[in-house]
Amino acid sequence: MSSVENTVTFASVQVGDELPAIRQRAISRTTLALFAGASGDHNPIHIDIDFAKAAGMPDVFAHGMLNMAYLGHLLTAWVPQSAVREFSTRFVAITQIHAVVTCTGRVVEKRGGNLVALEIEAADQNGEVKLAGEALVELP
Amino acid sequence: MIDRSFIGRSFPSLTTGVEAGRLRAFARATGQRNPIYWDSAAAQAAGYRDIPAPLTFVFTLDLERDDPFYFINEMKIELAHVLHGEQSFTYGVPICAGDEVTLISKVVDIYDKKGGAMEFVILETSAQNQLGEDLGSMTRTIVVRNPK
């Protein structure tokens with residue numbers, strides 16, 4: 001993946017640069033079942049419609065950490081994981097079942113120590129922001 | 001109301017192994033497209049000892065407990081009223097398949113808004129590997145919606 005000619009360097013990035021966006025497949029009930037098992041987050045609100053309804057929700061909804069994993073993919077498709085120093089997000093809105101999530105990001109600041117600050121976001125097919133976050137990467 | 005005396009309190013540590021199969025399942029479940037996250041040979045070719053744990057995986061490791069909702073239950077919070085508000089990570093040495101990770105979680109703060117209708121718990125978790133190296137930390141904010 002990280003062939004030399006594709007290496008992102010501190011000198012090569014500019015404030016305003018966009019990271020290559022990544023669109024994920026629609027989130028199905030199967031997606032949530034598999035993520036529950038793989039992530040160890042068995043909270044029934046994400047996989048059991050009876051529980052979700054009893055909690056006052058119309059249906060199950062996606063794990064916030066599934067979308068955060070998608071945001072992580074955005075970062076590690078752009079730079080090697082070892083470059084990532086900090087990664088954070090707010091879970092702004094619930095991600096409904098069947099949502100198609102696209103992750104985007106852009107460079108907002110270049111700092112000393114070859115650090116680059118990013119704003120990152122996960123939004124659904126209607127453009128509604130679900131996760132709004134930040135990351136700090138250290139580039140060669 | 002959540003008992004504010006939990007502020008500053010640590011929970012028992014957890015030591016758990018990072019399994020390659022679990023990392024492969026996580027990669028599949030999250031639509032991962034980069035083979036270093038499921039193939040040891042690809043990971044080693046990219047300079048890792050073995051398959052690296054992805055950026056959010058410490059969160060998953062902390063769920064490897066007899067009671068994954070340990071702090072929620074210990075604080076007598078109703079799980080159905082809990083939302084994940086914020087999540088952050090800082091990174092030290094990479095975590096790879098085969099590592100043994102020790103996690104220690106501590107309640108950093110508990111506060112409320114809207115006259116107690118919403119309460120917030122901030123839990124910080126630090127991680128070390130089997131060599132005592134710092135793997136970084138994570139901080140989660142959970143939101144508890146208290147019914148009127």
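A: In this predicted model, strand S2 (residues 84–91) of chain A pairs with S2(B) in the antiparallel sense, over 5 bridges. Within this pairing, Ser88(A) stands opposite Ser88(B) of S2(B).

The two strands belong to an open sheet of 10 strands with antiparallel pairing, whose order is S1(A)-S3(A)-S4(A)-S5(A)-S2(A)-S2(B)-S5(B)-S4(B)-S3(B)-S1(B). At the edges stand strand S1 (22–23) of chain A and strand S1 (14–17) of chain B, and since each has a single partner strand, one side of each is left without a neighbour in the sheet. On the chain A side, S1(A) is joined by 2 bridges to strand S3 (residues 102–111) of chain A, the two running antiparallel, and the bridge partner of Arg23(A) in S3(A) is Thr102(A).

Returning to the contact between the chains, it takes 36 residues from chain A and 30 residues from chain B. On the side of chain B that touches chain A, the elements that give two or more residues are helix H1 (20–29), helix H3 (57–61) and strand S2 (82–91) of chain B. Of these, S2(B) gives the most, with 8 residues.

The helices of chain A can be followed in a similar way. In helix H1 (residues 29–39) of chain A, the buried residues are Thr31(A), Leu32(A), Phe35(A), Ala38(A) and Ser39(A); they cover an arc of only 135° around the axis, which puts them on the same side of H1(A). These buried residues of H1(A) pack against H3 of chain A and also against H1 and H3 of chain B. After H1(A) comes Gly40(A), whose phi is positive, near 80°.

As for Leu74(A), once its neighbours within four places in sequence are left aside, it is in contact with Leu19(A), Ile22(A), Cys103(A), Gly105(A) and Ile120(A).

How values were computed:
Residues are numbered from 1 along each chain as its sequence is written. Chains are lettered from A and ligands numbered from 1 in the order in which they are written. This is a predicted model: local features need pLDDT of at least 70, side-chain atom pairs count only at pLDDT 80 or more; totals for chains, interfaces and linings use all residues. Two residues are in contact if their C-beta atoms, placed from the backbone, lie within 7 Å. Two strands pair if DSSP finds at least two bridges between them. Helices (H or I, at least four residues) and strands (E, at least two) are DSSP runs, numbered from the N terminus. A residue is buried if 20 or more other C-beta atoms lie within 10 Å of its own, exposed if 12 or fewer, and partly exposed in between; C-beta atoms are placed from the backbone. The arc is that of the directions from the helix axis to the C-beta atoms.
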